[in-house]
Amino acid sequence: MKHIAEQFAITTEIGEIRPLKIGHINDSFIIDSKNPEDTSYFLQKINHNIFKDVAGLQRNIQLVTDHLRKKLRERGETDLDRKVLRLIPTKDGQLFYKDDNGEYWRIYINLRNTHSYDIITPGLAEKAGEAFGDFQCMLSDIDTDQLIETIPDFHNMEFRLQQFREAVQADIAGRVAETQWMIDEIEKRAEEMCTPQRMCREGLLPKRINHCDTKVNNMLFDEQGNVTCIVDLDTVMPGLVLSDFGDFMRTAANTGAEDDPNLDNVEVNLDIFQAYTKGYLRKATFLSPVELEWLPFGAKLLSYMQTVRFLTDYLNGDTYYKIASPKHNWQRSKAQFKLLQSQEKHFEEMKQIVHTCAQKQA
Ligand code: GN1
Ligand code: MG
């Protein structure tokens with residue numbers, strides 16, 4: 001591992017390298033410095049089965065982080081390496097290193113004295129809303145042709161359903177019988193859940209630069225509860241804003257866990273929903289009336305999309321997400337579906353919250 005770290009233009013003396021248990025896709029490590037006062041680093045092995053164009057992925061991240069830094073500098077902000085991720089190039093100036101086994105690695109500066117949360121308070125949710133709204137705003141003037149889609153059709157519901165139906169057809173792991181009731185529930189909602197994709201084709205919903213992984217734990221807070229930095233930029237790409245709004249709600253406005261084994265724990269948390277919406281709409285001043293109207297649907301859509309994606313992976317024999325137990329993807333899918341049902345039950349309230357917050361901003 002030290003050999004990997006040594007390929008990069010690290011300025012401090014390398015100490016311990018520790019694995020971190022975060023994310024379902026990449027493998028992450030902290031590189032401590034020998035002197036605890038010195039900069040430490042965040043090392044990742046990029047999952048290149050999923051991110052097939054690693055060079056393009058890294059160029060995206062460089063472009064986005066440069067753009068964010070420029071925007072913050074123009075606002076007179078300082079200490080930018082704490083507010084925007086900083087990629088460390090290899091000693092020969094590359095944005096990633098490919099080792100002899102064909103594995104891809106990258107390094108960022110590690111952001112010390114920051115915290116991420118899986119469970120959040122309304123106060124923090126409001127700050128998170130502002131931060132993600134501001135993030136979309138700052139990136140809104142990037143020429144989208146400069147970014148690649150690091151995972152093509154990533155949040156395209158029609159495409160995700162197509163993958164799901166192929167998995168059901170193939171039934172490679174023999175799990176269709178066990179999950180048939182969920183397959184039926186998914187099909188029942190399929191048409192409705194593809195509405196935003198159709199509206200996008202018809203020019204009613206625009207594509208903007210999104211984060212596309214606005215999980216609550218992809219935001220770092222400082223000791224005072226202020227957002228310092230938005231992380232996990234692998235999927236920054238053009239998409240529908242309701243998607244980013246929805247993914248935060250899916251992960252934060254849930255009284256249970258993403259993979260909660262006890263479905264009774266899982267319900268939509270309307271206090272968090274309201275607080276985030278308030279913060280988000282304060283900053284996301286660029287939204288069209290149609291985008292605003294469709295924001296609450298985004299919460300349902302992303303819970304549905306994860307129900308489908310986790311189940312698809314279960315049917316395929318668990319080849320995409322890391323799992324911690326044999327039925328983990330099935331458990332995740334059921335927990336996401338329970339959240340969707342709760343969101344369906346409270347949909348009118350969610351719509352009312354967005355409407356009221358939007359009026360206060362107007
Ligand atoms: C994956 O690795 P992580 O946890 O940041 C996934 C997201 C899913 C999420 C579900 C590239 O994100 O799309 O929403 O798991 N990332 C990719 O928790 O597929
Ligand atoms: Mg991610």
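This is a predicted model: local features need pLDDT of at least 70, side-chain atom pairs count only at pLDDT 80 or more; totals for chains, interfaces and linings use all residues.
Residues are numbered from 1 along each chain as its sequence is written, and helices are DSSP runs (H or I, at least four residues) numbered from the N terminus. Local features need pLDDT of at least 70, and side-chain atom pairs count only at pLDDT 80 or more.

**View 1. Helix H8 meets helix H9.** The axes of H8 (residues 241-252) and H9 (residues 270-283) come within 10 Å and cross at roughly 145 degrees; axes are lines fitted to C-alpha atoms over the stretch in contact, with angles running from 0 to 180 degrees between N-to-C directions. On the H8 side, look for Val241, Phe245, Phe248, Met249 and Ala252, and on the H9 side for Ile272, Phe273, Tyr276, Thr277 and Tyr280. Contact here means heavy atoms within 4.5 Å. Sort these residues by class and you get nine nonpolar, one polar and no charged (Ala, Val, Ile, Met, Phe and Tyr are among those that count as nonpolar, and Asp, Glu, Lys and Arg count as charged).

**View 2. Helix H6 has a kink.** The kink, about 40 degrees, is centred on methionine 182; the bend at a residue is the angle between axes fitted to the seven residues ending there and the seven starting there. Met182 is also one of the buried residues of H6, along with others including Ile183 and Ile186 (buried means under 20% relative accessible area, with a 1.4 Å probe and protein chains only). Their cover includes helices H5, H7, H10 and H11.

**View 3. Threonine 312 sits in helix H10.** With 8% relative accessibility, threonine 312 counts as buried. Leaving aside residues up to four places away in sequence, threonine 312 touches Gln163, Phe164 and Ala167.

Notes:
Chains are lettered from A and ligands numbered from 1 in the order in which they are written. Side-chain values use heavy atoms; hydrogens and water are left out. Helices (H or I, at least four residues) and strands (E, at least two) are DSSP runs, numbered from the N terminus. Buried means under 20% relative accessible area, exposed over 50%, partly exposed in between (1.4 Å probe, protein chains only).
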